[in-house]
Amino acid sequence: MKKILPVVIVCVLMISESQAQFTRFIIKFKHKGATTFTLADPSAYLSSRAIARRTKYNIAIDSTDLPVPVSYIAQIKNIPGVIVLNSSRWQNAITIDTTDPAALAAINALSFVQGSSGIAARMNNNTPRHEKYKEVTIAPLTPVQAKTQGTEGDFFNYGADSYSEIHLQKGEFLHNIGLRGQNMQIAILDGGFFNYTTLDAMDSIITNGQVLSTWDFVDREASVVEDHSHGMMCLSTIAANIPGQFTGKAPKAGFYLFRTENVATEFPIEEFNWVCAAERADSAGADIISSSVGYNTFDNTSLDHSYSDMNGDKTICTIGADLAARKGLLIFQSVGNYGSDSWHYLIAPADGDSVVAVGAVNAAGALWSGSSYGPSFDGRIKPDMASVGLNALVQATNNTVGVGVGTSFACPNMAGLGTCLWQGFPEFNNMRIIRALKEAGSKYTTPDDRVGYGIPDMKAAFTSLLIEYATSTATTVSACM
């Protein structure tokens, strides 16, 4: 014991000195050897809808789908001074809260622990270095704009402003042929959904039970109505139903509302939360993820990402987003609001190679100068496409309809239209839908680093998929004759 004790003391002191600035940590495990789950029985950890998605698109269930072993979490939870926060099956890791260096040393001494690293400081009332939801602004509509009728003959009575928004991409075509999001499920990852249950734009989805599940990965509770309003506004761009004034892009879809973001601070723990929410969306059976949160710099500068990190393979959330896409989900992500400042470029996870990064234009198709630039650091076209984010219609917290500015709103606008398009062609996988959107883009033959392949024409995207479907069906029928 006399020989061991000094070594333990040294380890504790080293951890204390190097990790003193952190109170929250990511704990990575070596393996899932103690799991009680099996690949042969995925129903124990995946919903029937999630399994059906994998079956339909020939996606193998593998070790990343297996939950973190319960025994690993229990052993760590039993160490005094440790609070377990969230667990990630895809990362085979958990996050914890502790201020005790000895507790952290005890965790690292466990045989199944690969290692630990600081991921966030304790939350406090200090002014954060990072400006959350940069450039997002909300202004009221004038009464004349709000009351003006849009067009006749459409299924929805959009009103002039809402019609201008959707007509830029001929999205009303999808609604008119019956594609309004029915039986599709969208997970929205954001910083909160303040009072969404009491606001006019969302009254239909509340009445019809279209909110399927909610979870707060920051406070680890089901309620998300008391937090920031940003996610509520993003939800409204997809779900709104105020006839003659504001109609969302997929108002008949089902929704998962997940809070991953602590708006008061900015630390990589929120990237971990993002991945945990994407996992929950996958296991629940969601089809789409719409994310208007993203990451580049943090309150602790030692944790900052650089532009070179935007290569599709580096950040926690980008790795998670690409894995979500490999599980069959269609991922839409705002490209960022840094086009006019020193950062300039896109933010994670918009750099993912299977992620649809969305830039912002207005309802006339004019670029918003604040929309972040591409390409990804490794030279891929980013953003992938653009939608309305400059003066986009949103539900305001005072229960009026206003206009917002930011790629935060371009992303759910594009996600809602993408949802309706995919609804019409469930035979095609997520990557084929992305390709159809790009091919229907206004700059498909000359993509750039501002709007990527451009503003997708939804009628053209539908037509191309219909021709491909009809051709493949005709070939199959002919081969059977």
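This is a predicted model: local features need pLDDT of at least 70, side-chain atom pairs count only at pLDDT 80 or more; totals for chains, interfaces and linings use all residues.
Local features were considered at pLDDT of at least 70 and side-chain atom pairs at pLDDT 80 or more, while totals for chains, interfaces and linings use all residues. Residues are numbered from 1 along each chain as its sequence is written, and side-chain values rest on heavy atoms, with hydrogens and water left out.

Helices (DSSP runs of H or I, at least four residues) and strands (runs of E, at least two) are numbered from the N terminus. Helix α9 spans residues 230-239, and because 10 of its 10 residues are buried, the helix is largely enclosed by the rest of the structure. Buried denotes under 20% relative accessible area, exposed over 50%, and partly exposed in between (1.4 Å probe, protein chains only). Among the buried residues of α9 are H230, M232, C234 and I238.

A disulfide is a covalent bond between the sulfur atoms of two cysteines; the criterion applied is a pair of cysteine sulfur atoms within 2.5 Å. The structure holds 0 disulfides. C411 takes part in none, and the nearest cysteine sulfur, belonging to C234, is 7.5 Å away. C411 has 0% relative accessibility and therefore counts as buried. C420 is likewise buried, at 0% relative accessibility.

D309 is located in the loop between β11 (288-291) and α11 (316-326). With a relative accessible area of 9%, D309 is buried. Its side chain forms a polar contact with the side chain of K314 at 2.8 Å. A polar contact is a pair of N or O atoms within 3.5 Å; within protein, one must be able to donate a hydrogen and the other to accept it, and residues adjacent in sequence count only if both atoms are side-chain atoms. Leaving aside residues up to four places away in sequence, D309 touches D304, K314, T315 and D351, where contact means heavy atoms within 4.5 Å.
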